[in-house]
Amino acid sequence: MRERGFGVRRQTEVYTSGLAGRLPTVPVDPGRLERAARRKMGRRAFAYVVGGAGSESTIRENRAAFERWRIVPRVLRGVVGRDASVELFGRRLSYPLLLAPVGVLEVAHREADVAVARAAARLGVPFIFSSQASKTMEECAAAMGSAPRWFQLYWSESDELVESFVARAESCGCEVIVVTLDTIMLGWRPRDLDLGSLPFLRGMGIAQYTSDPVFRRSLAGPAGGASERPPVTPSTLRALLGLARRHPGGLLRNLRSGEPLAAVRRFVSTYSRTSLRWEDLAFLRERTRLPVLLKGILHPEDARIALEHGADGVIVSNHGGRQVDGEIAALDALPGVVEEVGGRAPVLFDSGIRGGADVFKALALGATAVCLGRPYVYGLALAGERGVAEVVENVLAEFDLTMGLAGCRSVAEISRDLLAPAATPPRGSRP
Ligand SMILES: Cc1cc2nc3c(=O)[nH]c(=O)nc-3n(C[C@H](O)[C@H](O)[C@H](O)COP(=O)(O)O)c2cc1C
Ligand SMILES: O=C(O)C(=O)c1ccccc1
C-alpha cells in the first residue's frame, strides 16, 4: 500500500509541519500520548485500558525488559531504499506490524473498532478484530475494502458459537484465526475493582455476540434468562438503561423484554471455556482452512506442543500484563520460544511495544512481526481514526529510521548481533 521510504518522508513531513507551526494531532512521545488520553477519557475508561493484573508488576516488567537490551548499529552499509516488508501467511505486508485485538473499544471512542479499521486499511496494517469488539466484524470489514484483517477468537463454551464466529470471520475476509489462550478468565484488576467498574463495563464489547444468529437463538429459550427480572435498585436501573440503549430494538421494548440483560448473562456464562485442552484444537482445525495462531504463549514447551497440535504459529504475549501479576516479561520469553520453534512457523510478539525502536528489538530477538496494543487505543480516544493513523505512522516512521540508522536495508538484516545487554540495570522506563 505504502511505498518504500515512507518512514523517511514522514519524518521530513513531521519536521516541515513543525517549522510551519503545525503540531501533530496526538503527542508523538508515548508517555505524553498516554497522559493526554488519561485527561480525555473518563476515569473508568482509562483505568480499564491502562490497567493490569495485581500490582501491575508485569506491565512494568514488560517495559523494563526492553530497556535491558541496547541497539548496536552498523555503519556505512548504504541504506537507501529500505524495505521493511515481511511475508506472513502468503501475504506481503509493508511493515512487520499489526494492530492487536483490543476489546471494548467503545470506552475510547464512539466509532470504536470501525475507526480503527479505517485507519488500519489506510496504512495497509492488518487489524485483528476482537471477539469482544464494540462493533461487529461485518461493519469493520465493510470499512476496510480489501485491506488485510484477522479474527481473534475467545473460545466459547458453545461449540456452535465457535463455529459461527469462525464462519463469519471467513466470510468477512479474515485471513488468520488468532486463538487467545491467556484470558480463559479475566485477570485480577484492582483498578477496575476499586472504581467499581463492573456495572460500567457490563454490556460493552458484546457486539459480535448480540449480532450472532446462534447467540441470539440461545437467548430465546428459557435458559436464556430473558424472563428473569432483576430486583430494581437505582444501580440496576442505571445499568439496564445503559444496556437497553446500546442494543437494537428500542429502549422500552428492550427494557420490557429483558433481552439486554439476558444477553449479558448469556455472554458472561459462555464467552470462555476454562476446560479447554490441547486436544480441542482439532475441532477448530477441522472447521477452517485458515491459518490458526495461538496467542498468549510464554513457555517454550507450549510453543512446541502448539505446533504438534497443528497451530500455524504463536504470539508470544502476556496480554499487556493484564492477566497474571508477576509474570515473565513477554520480551524475556521471546528468545526461548523462537529457539524452540526453530523457524518452523512465525513467532509474533506483543506486550510493551511503544515505539519503533521496540519493534526493532523484538525483531532482532527473533519475532516475525509485532502487534501494537494500548498506544493505538490512546490515539483513538484522542482523535478517532486520525489519531489511530498518526500513532501507527509514528511507530512505523521511528522503526524505519531505526533500521536505517542501525545499518539495515531489510527486515532480514535485523539480526541478534545488533543487540547487546544493557551494561546497567534500567532506571525508570517510559510507559
Ligand atoms: C483494553 C484492552 C483490551 C484487550 N482486549 C483483548 C481482546 O479482546 N482479545 C485479545 O486477544 N487481547 C486483548 N487485549 C490484549 C492485546 O491484544 C495485547 O496483547 C496487549 O494490549 C499488548 O500489551 P500492550 O498494549 O501493553 O503493548 C486487550 C488489551 C487491552 C489494553
Ligand atoms: O480486558 C481484556 O484484556 C480482555 O481481553 C477482555 C476479555 C473479556 C471481556 C472483555 C475484555
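**Figure 1. Overview of the chain in the predicted model.** Of the 431 residues that make up the chain, 48% count as buried, and the model shown here is a predicted one. The fold is built from 19 helices and 12 strands. The pLDDT averages 91 over the chain, with 85% of the residues scoring at least 70, and the model as a whole has an ipTM of 0.99 and a pTM of 0.93.

**Figure 2. Close-up of the contact between domain 1 and domain 2.** The domain assignment divides the chain into domain 1, given as 6-185 + 287-421, and domain 2, given as 191-270. To their contact domain 1 gives 23 residues and domain 2 gives 16 residues. On the side of domain 1 that touches domain 2, the elements that give two or more residues are helix H3 (43-50) and helix H7 (159-171). By class, this side of domain 1 has eight nonpolar, nine polar and six charged residues.

**Figure 3. Close-up of helix H3 and its surroundings.** Because six of the eight residues of H3 are buried, this helix is largely enclosed by the rest of the structure. The buried residues of H3 are Ala45, Phe46, Ala47, Tyr48, Val49 and Val50, and the elements against which they pack are helix H2 (30-40), helix H8 (190-194), helix H9 (198-201) and helix H19 (374-405).

**Figure 4. Close-up of the crossing of helices H4 and H17.** Helix H4 (residues 57-67) and helix H17 (residues 330-341) have axes that come within 7 Å and cross at roughly 60°. From H4, the contact is made by Asn62, Ala65 and Phe66, and from H17 by Ala330, Leu331 and Asp332. Four of the residues in this contact of H4 with H17 are nonpolar, one is polar and one is charged.

Figure 5. Ligand 1 is surrounded by 21 residues, of which the closest are Ala100, Gly103, Thr180, Gly320 and Gly373. Sorted by class, the shell around ligand 1 has six nonpolar, 11 polar and four charged residues. Around ligand 2 lie Gly103, Val104, Gln132, Thr183, Leu186, Gly205, His319 and Arg322, and this shell divides into two nonpolar, five polar and one charged residues.

Figure 6. Leucine 193 lies in helix H8 and counts as exposed because it has 12 C-beta neighbours inside 10 Å. Between the C-alpha atoms of leucine 193 and leucine 284, which are 91 residues apart along the chain, the separation is 34 Å. Arginine 92 belongs to strand S3 (residues 91-93), and it is likewise exposed, with 8 other C-beta atoms within 10 Å. Leaving aside residues up to four places away in sequence, arginine 92 touches Ser85 and Glu87. The C-alpha atom of arginine 92 is separated by 30 Å from that of alanine 381, which lies 289 residues apart from arginine 92 along the chain.

Notes
Residues numbered from 1 in each chain as written. Chains lettered and ligands numbered in written order. Predicted model: local features only at pLDDT ≥ 70, side-chain atom pairs only at ≥ 80, totals over all residues. Near = placed C-beta within 6 Å. Nonpolar A, V, L, I, M, F, W, Y, C, P; charged D, E, K, R; others polar. Domains from an automatic or database assignment. Contact = placed C-beta atoms within 7 Å. Helix = DSSP H or I, 4+ residues; strand = E, 2+ residues; numbered from the N terminus. Axes fitted to C-alpha atoms, helices over the stretch in contact; angles between N-to-C directions. Buried ≥ 20, exposed ≤ 12 C-beta atoms within 10 Å, placed from the backbone. pLDDT = per-residue confidence, 0-100.
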